[in-house]
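Q: I am new to this structure and would like a close look at its salt bridges and strand pairings. Where do they sit, and what is around them?

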Amino acid sequence: GETNSTTRTAVTESWNNTCWSEVADLNTARSILGGAGTTNTNALAFGGEGPPARKANTELYNGTCWSEVADLNTARDGVSGAGTQTAGLAFGGDTGSKLRGSTVSSVGAWATGGSLNTARYSLGGAGTQTSALAIGGTLDPPNSDKAESYNGSAWTEVASLNQQRYEIGGVGASNTAALAFGGGPGSGQTVETEKWNG
């Protein structure tokens, strides 16, 4: 989960269907963090990595500024997310001790949820707090092709990706409709996109 660079950024950019524009910066600069939210005026940022250590920081964006709220229970980078600003899900991640599980939020406070069946970080995520998908990831290596579905309390392994990869992008409305794209299969990056239909 760690990167070689000591420089992190707090820059935030908003997309309006035509172009990107810089908006208010995060309060804590970091990389490889997780996120959730449904619009560019309603977002959640959590975890990440930045000197000198992994972060537990959680910040809410209201369309104008970021504000600090309750930290994750365990600082981690390479964490993935799903859900909304007030009902988010953070899962996986590298804590340094290789402890990777799942955490759910409820209106500003984090509570422990079901653990992933295969511990990993730098994975993709899609869906909601009660209908999520965890996609790919890595364990230093090997890279993973695993996909798991979340029902609000427990993770269940489902059909694997066609290619093992990490640092993967994921989007989708639920654990039955998602896309997985990009990522690193090993020595390079991929442009491959896969569609999940449940």
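A: Buried means under 20% relative accessible area, exposed over 50%, and partly exposed in between (1.4 Å probe, protein chains only). The model is predicted, so local features need pLDDT of at least 70 and side-chain atom pairs 80 or more, while totals for chains, interfaces and linings use all residues. Residues are numbered from 1 along each chain as its sequence is written, and side-chain values use heavy atoms, without hydrogens and water.

Start with Gln129. At 17% relative accessibility, Gln129 is buried. Gln129 sits in the loop between β13 (124–128) and β14 (131–135); strands are DSSP runs of E, at least two residues, numbered from the N terminus. The Gln129 side chain reaches the backbone oxygen of Gly88 at 3.0 Å.

Now the salt bridges (a side-chain nitrogen of Lys or Arg within 4 Å of a carboxyl oxygen of Asp or Glu). The whole structure has 8 of them. One joins Glu49 and Arg8, with the closest N and O atoms 2.3 Å apart. This pair links distant parts of the chain. Glu49 is in strand β5 (residues 49–50), and Arg8 is in the segment before β1 (12–15), 41 residues apart. Glu49 and Arg8 are both buried.

Arg54 and Asp77 form another salt bridge, at 3.5 Å from N to O. Arg54 belongs to strand β6 (residues 53–54). Asp77 lies in the loop between β8 and β9 (80–83), 23 residues apart from Arg54. Asp77 has a relative accessible area of 0%, so Asp77 counts as buried.

Next come Arg120 and Glu148, whose side chains meet at 2.8 Å, N to O. Arg120 lies in the loop between β12 (109–112) and β13, and Glu148 in strand β15 (residues 147–150), so the pair ties together parts 28 residues apart in sequence. Arg120 and Glu148 are both buried.

Now the strands. Two strands pair if DSSP finds at least two bridges between them. An open sheet of 4 strands runs in the order β3-β4-β7-β8, with antiparallel pairing. Its edge strands are β3 (34–39) and β8 (66–69), and each pairs on one side only. Inside this sheet, β4 (residues 42–46) and β7 (residues 58–61) pair in the antiparallel sense over 4 bridges. Phe46 stands opposite Thr58 in β7.

Strand β17 (residues 169–174) pairs with β18 in the antiparallel sense over 5 bridges. The two form a hairpin with 2 residues between them. Gly169 stands opposite Phe181 in β18. β18 also pairs with β19 (residues 193–196), antiparallel, over 4 bridges. Here Ala180 stands opposite Glu194 in β19.

β18 has two faces. Ala178 and Ala180 make the covered face. Ala177, Leu179 and Phe181 make the uncovered one. Phe181 is partly exposed because its relative accessible area is 33%.

Note on methods
A polar contact is a pair of N or O atoms within 3.5 Å; within protein, one must be able to donate a hydrogen and the other to accept it, and residues adjacent in sequence count only if both atoms are side-chain atoms.
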